[in-house]
Amino acid sequence: PPAAAGMGISASSVAIATGSASGHVVTGNAWGVCEECRQEVPDIRCSSCDRWFHALCCDPPALTAAEFPTDHSWNCPSCHAVNAVTLLPESDLLQQAGDQGAAAERFGLTPDWIIATAAFKVFQLQMPTPEQPYIAGLLDPSCNSKLKPNIPAERLYDKNDDGLDPTNSWAGYYVILNPEFKTRIQWKFVNRAIDEVENNSVPAVLLICRNSTDTAYYQRLRPYPRVLLRRSSAQFKDYDKSPIGFGVVVFCVAKSNCKQLYERFYEEFAPWGEPNIPIDTGKWAQQPAPAAVSCCGWSCSSYRVCHTA
């Protein structure tokens with residue numbers, strides 16, 4: 001879900017970037033956007049052009065600013081200036097975070113219609129009952145709260161559990177995944193979701209993420225069917241409206257027996273936005289006429305999406 005606009009800065013994950021010429025020192029920007037990917041809460045700022053970036057968007061990339069080698073440098077994606085990396089003491093980071101203040105955290109809670117459509121119509125799971133007040137067979141690996149879960153899944157992993165921890169199994173569950181809308185977090189959850197599907201650990205994943213087509217996580221999702229939701233359809237429950245600049249897309253990630261599942265996904269989600277079905281361009285080019293190639297009744301990337309359908 002979207003990061004809170006006024007979230008404090010984590011001392012464990014924020015480094016400082018110092019320009020080799022000026023020695024200017026800056027820390028993470030809780031309100032800004034990365035000049036490279038246009039997403040929130042950039043980690044570092046170039047001391048030459050004063051633009052903010054995520055560590056993952058820099059050269060060389062790092063998952064967080066703190067993970068840059070302290071004896072190395074990074075190149076500004078905008079002006080190409082060379083910046084050095086230094087770590088501030090934890091006490092200084094906490095003081096700066098406190099000076100900035102913090103707004104109430106928003107989780108970007110998944111709309112009820114997406115939960116119901118994915119769980120009951122696409123995955124065809126059973127609805128909760130008074131005797132079983134959760135959706136059996138469903139996992140939410142990025143749960144907002146175990147006490148009051150927005151997605152009433154049978155298995156829940158919250159931030160304390162860490163749904164990315166390898167010891168927290170996803171095996172055997174259908175998954176509705178709406179991770180925090182930060183580039184590095186999206187990237188980690190997308191990788192985990194695809195790996196779980198491709199290794200036949202989970203039958204399918206319904207992923208809600210930001211429609212940032214130039215990000216690494218989105219590029220890895222390109223072989224899978226998706227629907228770009230209209231702004232009026234993608235209203236998170238703890239926001240009055242979709243945050244400005246947000247384009248939200250829903251992916252369906254599956255491997256085995258996916259023809260019927262993808263048909264249900266298309267039929268149920270297409271009315272809410274713009275559907276996109278990937279095309280295997282290699283096979284398309286071999287056809288005598290410019291018509292989409294079908295490996296299972298769909299114009300899709302057969303090498304990943306439907307080759308076992």
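Cys-34 is buried in this predicted model, its relative accessible area being 0%, where buried stands for under 20% relative accessible area, exposed for over 50% and partly exposed for what lies in between (1.4 Å probe, protein chains only). The closest cysteine sulfur to that of Cys-34 belongs to Cys-57 at 3.8 Å, which is too far for a bond, given that a disulfide is defined as a pair of cysteine sulfur atoms within 2.5 Å. A search of the whole structure accordingly returns zero disulfides. Cys-209 is likewise buried, at 0% relative accessibility.

Charged side chains do pair, and the structure holds six salt bridges, each a side-chain nitrogen of Lys or Arg within 4 Å of a carboxyl oxygen of Asp or Glu. One of them joins Arg-45 and Asp-50 at 3.9 Å, N to O; Arg-45 is buried at 17% relative accessibility, whereas Asp-50 is partly exposed at 45%.

Another salt bridge links Lys-121 with Glu-268, at 3.9 Å from N to O. Because Lys-121 lies in helix α2 (residues 112-122) and Glu-268 in helix α5 (residues 258-269), this pair ties together parts that are 147 residues apart in sequence; helices here are DSSP runs of H or I with at least four residues, and strands runs of E with at least two, numbered from the N terminus.

Asp-161 and Lys-146 also meet in a salt bridge, at 2.6 Å from N to O. Asp-161 is partly exposed at 25% relative accessibility, and Lys-146 is partly exposed at 42%.

Residues are numbered from 1 along each chain as its sequence is written, and side-chain values use heavy atoms, leaving out hydrogens and water. As the model is predicted, local features need pLDDT of at least 70 and side-chain atom pairs count only at pLDDT 80 or more, while totals for chains, interfaces and linings use all residues.
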